[in-house]
Structure formats: structure tokens, C-alpha cells
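Dear colleague,

Please find the structure handed over below, together with its sequence.

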Amino acid sequence: MSNTIWTPQPKQLLFMQRPEYEALYGGAAGGGKSDALIIEALRQVHIPHYKALILRKTYPQLAELIEKSLNYYKQAFPGAKYNDSKHVWTFPSGAKVIFGSMQHTKDRTNYQGQAYDYIAFDELTHFTYEEYSYLFSRNRPNGPGTRVYIRATANPGGIGHGWVKERFITPAPPMTPIADTVEWETPDGKKAKRTLKRIFVPSKVFDNPALLKNNPDYIANLASMPEAEKRALLYGDWDSFSGQVFTEWKNDSEHYEDRLYTHVINPFLIPNNWTVYCSFDWGYFAPFSAGWYAVAPDGVMYRIREFYGCNGTPNMGVRMDAQTVAQEIKRIESEDENLKRFSQIYRVGDPAIWASQGTESTGALMEREGVYFEKADNTRISGKMQIHHRLKFDKSGRPQFQVFNTCKHFIRTFPSLVYSETDVEDVDTHQEDHIYDEFRYICMRNPVTRVQETATLKPYNPLDTEEQHTNYTWYSKY
């Protein structure tokens, strides 16, 4: 009689064999992700000082993982004991597998001073990058002879969708290692560096024949969901997911030239008779965002330039002081081909920059450098609705807003915004929403009431003469 307790399916085996320091498994529902994490934690339990940590966002979400461990671990190691109050498995060797949570970012300090050879995040998109990256400092050996590494699973969606996509999905095709070289200075003043690798291993329900055998209707269940959820959970589409705020967003590079049914376009020279704005959202520890927008005579808005204060780590600012930011804004406006031709650029800023706690406000410091803002309308829900209006396509395939493909941070952060769990009508403010905020300000400064249908008599050409552009209402911008 066979005593086999669990056998990996081909995609699970690929995931579990990866040598990279970080590996993300999944992308769609039903791929056997949780099983792979649970079993992988057993790899080193024969080593007495080995410790593993398996995380979910909240303790109640751990129930399914713990149930799986109760099924597998006791069979594989009859001498193993589970402490229900501490959520810890102790194996005959003395090794431990610990189940934990991090409901709030501040909870990461619960793991301060601890060391874990293996750290696993189930549903990584439920975590912020700050929470994920903090656990790197806890990922270290508890003694000789252990392998130290991080594993995670995820479906598209959730507050962490944007940074997970940016870290694992966007940089390289699936199953392609992504390398980062980190550098530091040693105590004796020498330079040291090391290359760390990560990888995305995709998995779909079609890779899980055991599930399909037990539940033949599971694919039909996924296919019957609303389109966004179906694309994410059935096909693992990272551009469509449950909870996405601006489902109207479309970025299709095949349409850059004709500009139809896409929000992302190639740059062009802005006609002199358009109006140009700068919108600003302040941040020091978090990123600041300055965005420049051109508004055509028919009201269509274009994001044409951005200045974003991010240090390369998601949602982390560059700690640039207000006066330096103001100087950079002036420099950009004096050098950019699309801005320097305009003698008047209208600026709107977050009203909070004029707040003062006994010191000179951010707004006042920027005014010292000759950069003035009018106070933006910060009404959140109305601003969000203005963005919805602008993103909609009219019958001829034209939206009221488009963004130059050079605005990389807008394209990176805006489509990934999700709804708040506590205020279901609003955007979750714990994510990287700084560009979204300044986009709201400019939309409230130039409100629209509905998608407009305009005449299309000839193709728009950015190289047309100023006289031709004056009669712009007879031109299609696409």
C-alpha cells in the first residue's frame, strides 16, 4: 500500500524547484498555490534550528492554511505537535513552522528580533510593499546548513496589486529570472555588492487536474463571474482584477498611432492656443507628484509631463525639501519643449500644503521660489467621478483624457488603484495614490458633465499650422 501523502503537480513542482531568492506563484485561481506553500515549508524540518513563517494578512484568513497543515503535517510527521493557541507546529527534530499575520503595517514589529529561514506570503497582493520588504530583515538563518529564501502566492487584485505586478510581472516574461544588484559599504570602507534574483511562476486552474476532477464545474464557475474577475481569476490577467476602481482604463500599444480606444498615446507638440496646467500633491517621506496637463479647446485633457518624487521603492519618497521641488518645477517648465512656449501655466495644489504647525508652510516655501498654486478642490468622491467621466470613450472611440506614454509613473500606479474596505465609494488611501490625488485636483479644476461626441472631418495632425489648430473643433484628435 502506498504511503504517498502529497504529490506535486507539474506547475507546483516547477515553483518548488526554483533556485531564486524570491519566487511568486499563481496569477489565477485554482492553481494549487496554498498547497505548494504549505508543503514547501517542510523541506528543512529535519534541521533542529530551522524556523519557517507562513503569513496571511489576518488571522481568520489563516484558517484554510492551518487546516491544510493539519491534514498533511501529521501524516508526514506523526511526532509533530501543533499548538493551537500559538499557531505553531513543532517537529520531532525541534524545527518549527509558524503561522502569522500582519493585519496592519505596524504589526510588522511583532516579528522584530526574530529569524526565519523560510518566509511564505499567501495572497501577497493583500500586503503592502513596506510589509513585504520589512520581512527581508527577518529572513536569515537560525543556524548552519539551512537555505534562506522567500516564497509567495497571489491572484491579481488587492491593495498590493500595483507593486506586486511591478516587481514580478512587468519586468520580464513568466519563468524568466529578474536580477537586482544591491550594493553597500563595509565597516572598513570597501564597496560590496550581491545580485539577488526573483521570478514569477504562472499557474491557472487548467494546471490543476486534481481540482478539475473533483469539481468539473469550477471552470464554469470562474467563467460566469463579471468580466474583470473572470479575466483575473480564470486567465490570470494582471490588467483586470476585482476591486479595480477605474475599470474604464485601457492601455493598448497597438492603438498608439490612431489613438482610438486607448488612454496612452505617443507625445506630440502641444498647439499654442491650448491651455496648460500644473497640478501638485506634496510628499516628503511619501512621494510628491507634479503633473502637467494640456487642455484642448474642446475640453479634452492630456497629461504631457510628470515630476514624481519616488526613490525607486514603491510609495517611498525622496525626502526633497519644498524649495528644491519648486526649483525643479521651474526648471522643467523652462526646458520642456511643450512647456517653455507657454508664458502662463496655471497651477493647482493640495490645500494641505498651506497648513502650518508653527513653521512656514510648504506652500509658502514654494512661493519663495516663485512657484504659486491656487488651492485645489479636494472633494474626494466628486473628483473620482470626474475621472470616471473623462476616462469613458464616446461612440467614435475617443476619451476625454489621454496620457503621454512618457508618464511612466502615472501608467504604473493609476490602473492599480483599488477601493477602500471601509469607505466603499472611495479609493484606498493606503496605496500609492499621490498621482491619483493630483489628477483629481486638475479634473475638478476642469470639470466635465458627460462624454462629448465631436465631429470628425479629418485626422488630427500635431504638425498642422497654428491657423489650422484655431479651427480645432473641426478636427479629430485621433
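The side chain of arginine 198 reaches the backbone oxygen of arginine 167 at 2.8 Å. The side chain of arginine 198 also joins that of aspartate 180 through a polar contact of 2.5 Å. (A polar contact is a pair of N or O atoms within 3.5 Å; within protein, one must be able to donate a hydrogen and the other to accept it, and residues adjacent in sequence count only if both atoms are side-chain atoms.)

Before going further, please note that this is a predicted model, in which local features need pLDDT of at least 70, side-chain atom pairs count only at pLDDT 80 or more, and totals for chains, interfaces and linings use all residues. Residues are numbered from 1 along each chain as its sequence is written, and side-chain values use heavy atoms, with hydrogens and water left out.

Arginine 198 belongs to strand β9 (residues 191-203); helices (H or I, at least four residues) and strands (E, at least two) are DSSP runs, numbered from the N terminus. With a relative accessible area of 8%, arginine 198 is buried, where buried means under 20% relative accessible area, exposed over 50%, and partly exposed in between (1.4 Å probe, protein chains only). Residues up to four places away in sequence not counted, arginine 198 touches Glu20, Glu22, Arg167, Phe168, Thr176, Pro177, Ile178 and Asp180; contact means heavy atoms within 4.5 Å.

Strand β9 is one of nine strands that form an open sheet of mixed pairing, in the order β3-β4-β5-β2-β6-β7-β1-β9-β8. Two strands are taken to pair if DSSP finds at least two bridges between them. The edges are held by β3 (81-83) and β8 (178-185); each has a single partner strand, so one side of each is left without a neighbour in the sheet. From one strand to the next, the twist averages 15°; axes are lines fitted to C-alpha atoms, for helices over the stretch in contact, and angles run from 0 to 180 degrees between N-to-C directions. Within this sheet, β2 and β6 pair in the parallel sense over four bridges, and leucine 53 has isoleucine 119 in β6 as its bridge partner.

Glutamine 114 is found in the loop between β5 (96-101) and β6 (118-121). Its relative accessibility of 29% makes glutamine 114 partly exposed. Leaving aside neighbours within four places in sequence, glutamine 114 is in contact with Lys51, Arg138 and Arg140.

Glutamate 40, in helix α2 (residues 33-40), is buried at a relative accessible area of 1%. The side chain of glutamate 40 makes a polar contact of 2.7 Å with the side chain of arginine 43. Apart from neighbours within four places in sequence, glutamate 40 is in contact with Met16, Tyr118 and Tyr149.

Strands β11 (residues 275-281) and β14 (residues 346-349) pair in the parallel sense over four bridges, and phenylalanine 280 has glycine 349 in β14 as its bridge partner.

Salt bridges

The structure holds 24 salt bridges, each defined as a side-chain nitrogen of Lys or Arg within 4 Å of a carboxyl oxygen of Asp or Glu. One of them joins glutamate 131 to lysine 57, with the closest N and O atoms 2.8 Å apart. Glutamate 131 lies in helix α4 (residues 129-134) and lysine 57 in the loop between β2 (51-56) and α3 (63-76), so this pair ties together parts that are 74 residues apart in sequence. Both glutamate 131 and lysine 57 are buried.

Arginine 347 and glutamate 333 meet in a salt bridge of 2.7 Å, N to O. Arginine 347 lies in strand β14 and glutamate 333 in helix α9, so the pair ties together parts 14 residues apart in sequence. Arginine 347 is buried at 13% relative accessible area, and glutamate 333 is buried at 10%.

With kind regards
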